Each structure stands twice: as C-alpha cells, then as structure tokens.
Amino acid sequence: MALHFLLSSVFIFFAISVSPTLSSNSEVNALHALRARLTDHTNVLQSWDPTLVNPCTWFHVTCDSNNRVIRLDLGNSNISGTLGPELGGLQHLQYLELYMNKFEGKIPKELGNLKNLVSMDLYDNNFEGEIPKSFATLKSLKFLRLNNNRLTGSIPRELSALSNLKILDVSNNDLCGTVPIDGPFGSFPIESFENNSRLNGPELQGLVSYDFGC
Amino acid sequence: MGRFFAIGLVLVILCLLSIEKFACYGETHCLESDRKALIDFKNGLHDPEDCLFSWKGNDCCQWVGFWNLSGIVDCALLRLKSLRHLDLSLNTFEGNPIPECLGSLQALKYLNLSKAGFTGPIPPNLGNLSSLQYLDVSSDFSPLKADSLQWMAGLSSLRYLVMNGVDLSMVGSDWVPILNGLPFLTELHLSLCGLTNLIPSLQFVNFTSLAIMDLSLNGFNSKFPDWIVNISSLVSLDMSSSSLRGRIPIGISELPNLQHLNLAMNGNLTASCRQLLSGSWRSIEVLDLSMNSVHGILPSSIGNMTSLVDFDLFSNNVTGGIPSLIGFLCKLKSLNMESNVLTGGLPEFLEGTENCFSRSPFPSLMYLRLGPIPASLGRLSSLMDMGLGGNELNGSFPNSIGELSELVSLDVSFNQLTGIVSETHFSNLSNLKFLFMSSNSLILNISSVWVPPFQVHNLQMGSYQLGPSFPDWLETQKEINFLDISNASISGPIPDWFWDLSSNLSLLNVSFNQLQGQLPNPLPVASFADIDFNSNLLKGPISLPLVEIELLDLSANQFSGPIPLSIGDVQPYSVFLSLSGNIPPWIGESLIALRVLRLRSNGFSGRLPPQLSNISSLQVLDLANNKLVGDIPASLGDLQAMMQVQKVNKYLLYGKYRGLYYEENVAISIKGKAREFTKTLSLVTCIDLSGNNFLGEFPEAITNLLGFVVLNLSRNHISGHIPEEIANLHELESLDVSNNQLSGSIPYSMTSMTSLAYLNLSNNNFSGIIPDLGQMTTFDGSSYSGNPGLCGLPLLTSCLSGALDTRGTVEDDSENLLKDKWFYSSVGWGFATGILVPLGILAIRKPWSDAYFGFVDNLINRQMGVSRATSYRNRRRR
C-alpha cells in the first residue's frame, strides 16, 4: 500500500537524519573519537560522516577488502588537536601518517596496540611527553619518525627489540639520556638523533647510566 | 540612539528571485557603525555569484539582502545592536556551527536559521534572547542537535518555535515543563526530532495560547499523554508516526477549536470507534486515524461532524456498515475506509443529503476508498473522481461504473481486477479525461469500430491486454497527452495515423510489446517528452525528435547504424541503454550541468571527444572497460569542477517533495576496490579511463585538476612519463597507472603527495631509483613491481651507486602478481548499462528532473522489487 511505503520511507528518512550513531563499527567509533579531538581548519575531514556503515569511503582512510582500516593519511593537513587512547582500537592499521600538522599533547601509549603497524609518522608536530615504551611491541614497525616535536625523556631502550625497524628519526626534540646501541640502533645514522641538546651520545653500557642527564 | 535598524535578510536559492531592502526606521541614512558591521559580515562570507552586489556605497538602507552564500557567519553582526530580524535560512553554511554570538543580539525578535546547513549543537546562549518571538532552526539533513532545552526557559517572549529535524534524542523528559513555561507559545513544531520522552501527566497546563502542535515522527513509545486534552486553545495537533500506544482519550473530541487531528501511523493507539466519534468534534475538519487499532462500529452520530472534509480510517478494525447519516457530511471531500472489516458498501439510502447545497449525496466527494468496489458506486451520480488505484481490489470491474456520467478521473490501476472490459463499462463516461487501468488482469474486448464517448488526456493501460493489433480506437483520441500502453500484448506495425497523435504526446510508452517496422524520422513528439520504445522489434536507423526531450529509451530493439550526429542539436537529456558506438561529442556540448558521467563497461568505441571538458560540473568521469582509442585529450585538464578541491559536502537526495527518497549512490573504483559513495559523493572527483585502448603520452594537462581524488588510467597503452607536476594533486588518494608503457623515473615530487594512499605503477617501464622519503615510503613493493628498471626500497633490487638510470634486475615477487587481480574482479560490478546522472541539471530543470526521478524510480522498482504501490504512485501522471 502507498501508506506502507510512505511509512517505510519515513523510517529511512528517520534513520539517516536523526540517528547519527547507528553504526556499531568500532573502527568508526575510534575514528569518530579522533575526529572529535581535532580541529579541522581546512575541511579535510568533511567526508568523515559517522552515519556511514563503515569508514571506507572517508577520505584519508583506507580499508582492506574486509573493510578494516589499514591506513590513516593525514600528512600536512593543517589539523590541530590531540590523539586519544581510542586510536589503539584500529587493530589492523598499517600506516599512521599524521606528519606535518599541529598535533599536540602526549603520544598515547595505546598506539602500542597497533600490532600491524608498518609506519608511524608523527614528525613535524607539537607532541610532548615521552616516547611510549609500549612501542616496543610494534614488531612490524619499519618506519618510526618522531622528529621535530617537543618530546622529552629518554629514548626507551625497549625499542631496540624492534628488529624490523629500518628508519628511526627522533631529531629536533628535547630528549635526554643516551642512545641505545643494540638491535636496529646499530644502523641508524647520527642525524636521526641530532638537535636534542640533552642527549648524550651512544649508550656506554656499564659506564654511564642509561638515563644520564635526564 | 533611538534609531532602529532592522534587517530583512531574505535568502533564496537563486540570486534573482527575491528582493528585500533593509528597513531603516526613522532614518534616511544608516549609521556608519552599522555599515561597517555589515561590510565585515559580508567579508566573512563566500559570495561567488556576487549576490551582495548592492552592498556598497554609504547608504546601507538601500542595500539589498538576498543571496546564496556559504562560509562562516562573522560576528560582525554583533555590532548591529538593534538588529531585530535576522533570516539566514536556505543557505549553505555547510559544516559550520551556529555562531554563539547570535545569543548577544538582545533586540532580536525574529531569527530564522532553518535549512541553512548549520551543524553541531545549538548554542544554549540563544536563551538570552528574551525578546525573541520567532525561532526557526529546522534542518533537513545537516545534523543540528541539542542535548537539553533548559536554555529555552529564557525565551519568555517566544510565540513560534520550529525545530523540525533537530536531533533532540538526548533531551530528557523536562522539555514539556520547560515549554509549558512559555506563556505566549502559539506554534510548536518538533517533528522528526528523535524525542523519546513524553511525560504522561502535567500538573498545571500553562499552554494558554498554543494553537498548533506538531510532534509527529518521534519515538515516544509511551501512552497518549492526557494533558494534551487540557490545551483548549489547540487548533491543530499532529502526533502521527510517534510510537504512541494506549487509548485515545475521549476528551480530545471536546477540544472546542480543534480542526485538524492527525494520529495516523501509531499502530497501537486504540479507541472504540463508537465512543470516540460520539464526542462533540465541534470544529473538526481533518481527522486522520489511519493505521491504528480503532475498533467497533461507526456510530450514527458521525452525521453531527458536519465540518468534516477529510476523514481517514484506513487500516483499522472498524466493523459493521457505513451509517446512512453520513449523508449529512456535505463538505466531505475524502473518505478512506479501506482495510477495515466493514460489511457492505455504501448504504442504499443516504440521509441528510437534502441539507447539502446541491441536494445530491456527497456533493464534494473527490476521493473514496472503501476496499471492494461496491456495485452501488454507480448511484453516486455526482462522483467526478474515483480513485481506487493501488489497492488489492479483486473481482470484476462493475458495469455500473459506466453510468457515472460526471466522472472525470477513473483510476483502478494496480489492482487484481479480472475479466473483460467492454464498451458498456464506458457507455456514459463522456467527461472522462484521466483513465488509469494499468496493471490488472483485464482484457479489453471491444469492436474494432468502437468510438469512445470520451476524449482523454491521460490514458494509462499498461500491462493490460489490448492487442494483438494496435488499438484502432486510439485514433479518435485527439486530445491525448500521456499514453502508456506498455506490455499490452500488441504486435505488428505501428499504424501511420499514430504519428499524427504522437506529436502531442508528453509520454509515449509502448515498451515491452512486439511492435515492428521503422520509426518515422524525425520522431513526432511534444517538447520534453518521455519516449520509451524499449523492448520491441523495431528496425532501421535511429530516429530522433526535433524538439528537446527528457528521456529516450530505444534499447532492446533491432536498430542499426550510428547514433545520429544531429542529436547534439536536439540537446536531450536522454538515457541510452545498451547502445554502443562512439561517445558523441554532443555530450560535452549539451549536458553541461552533468556531475557524474558513468558509461562503464559498455561497448563504446572511438575517440574521447575533447568537448567533454565543457561539462563544467563534471566530478566523476568513469569510462572504464570500453573500447575507447586514441589520445586522452588534453582538454580534460580544463574540467572545472575537478580543478577545485571539493570541501563542502552536499547530500544528493532526490524526491524530497514527492514523499520518496532516493539517495544518490555511485560505485567508484578507488584504492583498488569498488566503493559505493552515497552521502559524501559530492566530495569525490574521479577520472577512471582504465581498461580501454588509449594511446599516446601521459596526459600532462590533467595535473591541473587540483581537486582530483581518484585517477585510474590503468590497462591502456599510455606511454611517456609522469610529470613532476603530478605532485600538485594534493588531494589525490588513489593513483593507478599500472599496465601501460610509461617510462622514465618516478617524480621525486611525489614524496609530498600527502593524501596518496594507493599507488600502482606496476607493469610499466619505469626506471631509476624509487624516491625514499615522505609519503613515498608508505607503499610496498607491489606498487612498483613489473618495472625492470626500478631499484631501491621497497624493492629488493638495490641501486648501483652513481648509476641511477641503469637497469638492474628485479627479483620477481609472486605476491605482487596477485595484487593485480583486483582489476578483473572489479570488471564484474560495473553496470552493463551506461547511466548519465545529470545531478546539476536536475536541480534546475523541473521537467527533466521528473523524468529522471521517474526513470530512477523505475530502475529501482525493477531491481529492488519495491511494492506495486510505489510504481503506481510514480506512473500516475496528470
């Protein structure tokens, strides 16, 4: 009947207009929580519509064929704000590209949950606080670029367990202590560490304490 | 001071529709401070069409305020201290919140922010506007919300409140007491607000002025609130589709001023029909109780409801017969008693008809639904409009209908009527203009020399057995404008006389018959006609009308020859199904408002016409998997809509004003997968030319298209190199040029393409080192495989130092080959038909949009099997 149809169209209308949080997708929720923390100065996140069933048509978000988020590409997007623990919910994330923005605050330790992460580029932001020790669990990580921020504390020795790490850059921060020498640290150039005025060169195991000068 | 400066800012969609000057009271020239504030306000807005052209010079009282603007509402308005009237409705401030500073405009009496594209929470400091009398923040699809209505307590002067469509799902149950504290409230519109709390009782009803209350389309899931029957000032109450249950209080019939009551579609509202309709109903004109659980019999007292115009009890449990006193309802225009358990049809005798002005029964009745077709209908000698379409009527079509000599419109379409219809069924229908009999199981059995007593304008007899030969009696219908005799078992040639009739036809639907022969050239039809010859046995060259048309479907016939060149002069908005051939250049010349051109997976051949670049609104160009050849025209770099970064989302929803919603939905191959874009489609800019036979150099000009999100040129024969300027495409997320003959090095500039998330350069002849910086470090070997000359990470071939361009060997990566398989899986999902989606045109050209919606609806109906009733609605044309 015509009225039946009207009724159902009313429900459709209802669903798309007044129930913006219908989706139960935890990745949508994680990204939406991220969105809520950000100020999007140039409408880069215009397509992040929380009413869509999955975030796979959101710009700057890439999914695999099972509609799981594998990339977040927000480099140089004039975004400010902070990161929250909910980002740790993007279990399948491989590329976290947030470089060249105005992110501030601490790097959440929950990023250590992102077991599939290949690349984490947080460089050229205003992040502060310490490099989370939890990063030592990111066994797939190949690229870790945290340079040009305001990070403090020491470089966690635990990062020497990241055997796949090819590129590490923590230059231009306010790190202190000594630089680990084990594992992949053996192959990183000196430029990766420069301009940290309180960083005291390579670790001299047994001679100088690890967090010397911190 | 003492000067009043009030603004009438009338915002209309198009610049040239309406003009309203600022009203300056008591002054011939405006204050300099006011002028400056307005200039600052203007500067904060985007006004691409220069709608505020009059905002110059010193005398701002002469400025005209109307525009189609977007941008951020500047708080410069704050300086207009005595602003009393602000109307920003119907604008496109997409994504921006309602500026909080509006709460400081203390003198405001009128504030209209409806449908202006604002999103986010409504600032509670609007509650400071104690002088405000009129507040409209209704929104269609931009989600405004409020978590509490506490702030409204401050709007002590408020008379008129419209918040339709605002998300109030988080508001607690206190919204009723808060609004109850507004003594002057006259109109309250809270439709479709997601409200869930409706308190069942209210100690003291303070709504002394409330005349109109619309709480429809909410989800109260509660009993019908008793306090409503104490609002004696109520004139109109709409609580339809609000998940109310329980008894409808009898007291509602005693509201002395109530004219309009709509409680439809609550499902579980109950009442004894006899008790409820025995009340006073002193002023009632419209009573809609459809789709509820009203039970019992219709009382004789229904004869007292003499003001009743529209009475709808559709789909309840009303039993018994229709009382003869219903004859007192002289004003009744619409009576719907369908889907009840009534016994019998209309009464044999109607009482009280002598009181009606014409002394005839139901002198005003235009619309009647009773379920089965009562044989007594033939006695309603004044009936002009019998609308029985879209029901489940079965049985035969009564002979007595033929006696309704006043009948102008007869609609029994979309039922299950059976049997034979003969001349006697139409014997006295000399005034008939609209005849809808489609989709029954009726057989027309008339003599070959029948001359109908009527001259119809609109004849719809689709899915009706009219054949086997073309119906000769149509030749007598000289006034016919709309003709649908589709699927009517007609075979053989179309007679020559038909082409004399057809020049008046706005609808010519003879599809799904077995018509033979050739079409005349040119095709005689009316301007803006819909022409559907789909699925017949027609032959010969394609013929076209000389006038502009809406829709032309010639598919599934036996036509031969090319698409005629003259089609560009005709400028049709036409939809071709299953036609192959060249993509004609007129597409670029005539469909300049096209937003999406998707001809994917067809047999289109030939070159891509350079005129495509004239389509200045084109955002999606998907010609993948055809047989196109030649160079990719450099003019593609002139596609204006793609030059701009699309930063403002606009929902592309159709059919809003017809009660039908169709959400645009286009599948786009992005990042190696087909993704359906719906609500955010307006943000997508895409060129997909993959799977053709394009030759020539990489089209450097397309690096002008700064708004590009998706570029797919894969599986062609493109040579040359990728220019450094590719990095200008900052928005590009998906770049696929795989399986071509591209060579040279990968531009180093690509390291700055920060949005790029999918890169496929595989199976080309690229050489040299892969840039190992920035975004280019985020792709794995599969992006580069099959290029023997490439070296460096992430490939396993390291570069020989000092010999960047020398060819190294790359270890074959079997995993990479698998990655290319997506191409072949993506071929399948493309529609076999090309669909032109002229979104831009549709907004402007109404007849075109109707045609397109009709077409889309038809498609949906065919594909989705939407109920018969839908297609019934769509096909019904007058």
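I counted the aromatic pairs over all chains of this predicted model and found 19.

I took Phe207(B) and Trp227(B) next. Their rings form a stacked pair, 6.3 Å centre to centre with 25° between the planes. I then checked where the two residues lie. Phe207(B) is in the loop between strand E11 (187-189) and strand E12 (212-214) of chain B, and Trp227(B) is in the loop between strand E13 (222-223) and strand E14 (236-238), so the pair ties together parts 20 residues apart in sequence. I looked up burial as well: Phe207(B) is buried at 5% relative accessible area, and Trp227(B) is buried at 2%.

I moved on to Phe426(B) and Trp450(B). This aromatic pair is tilted, with 5.7 Å centre to centre and 40° between the planes. Phe426(B) belongs to the loop between strand E28 (416-421) and strand E29 (434-436) of chain B, while Trp450(B) belongs to the loop between strand E30 (441-444) and strand E31 (458-460); the pair therefore ties together parts 24 residues apart in sequence. Phe426(B) has a relative accessible area of 1% and is buried. Trp450(B) is buried too, with 9%.

I also noted a cluster in chain B, where ring pairs link Phe470(B), Trp497(B), Phe498(B), Trp499(B) and Phe533(B).

Last, I checked for charges over rings. In chain A, Arg71(A) lies over the face of Tyr95(A), 4.5 Å from the ring centre. In chain B, Arg159(B) lies over the face of Phe184(B), at 5.3 Å from the ring centre.

Technical notes
Residues are numbered from 1 along each chain as its sequence is written. Chains are lettered from A and ligands numbered from 1 in the order in which they are written. This is a predicted model: local features need pLDDT of at least 70, side-chain atom pairs count only at pLDDT 80 or more; totals for chains, interfaces and linings use all residues. Side-chain values use heavy atoms; hydrogens and water are left out. Rings of Phe, Tyr and Trp (its six-membered ring) pair if their centres lie within 6.5 Å; planes under 30 degrees apart count as stacked, over 60 as edge-to-face and the rest as tilted. Helices (H or I, at least four residues) and strands (E, at least two) are DSSP runs, numbered from the N terminus. Buried means under 20% relative accessible area, exposed over 50%, partly exposed in between (1.4 Å probe, protein chains only). A charge sits over a ring if NZ of Lys or CZ of Arg is within 6 Å of the ring centre and within 35 degrees of the ring normal.
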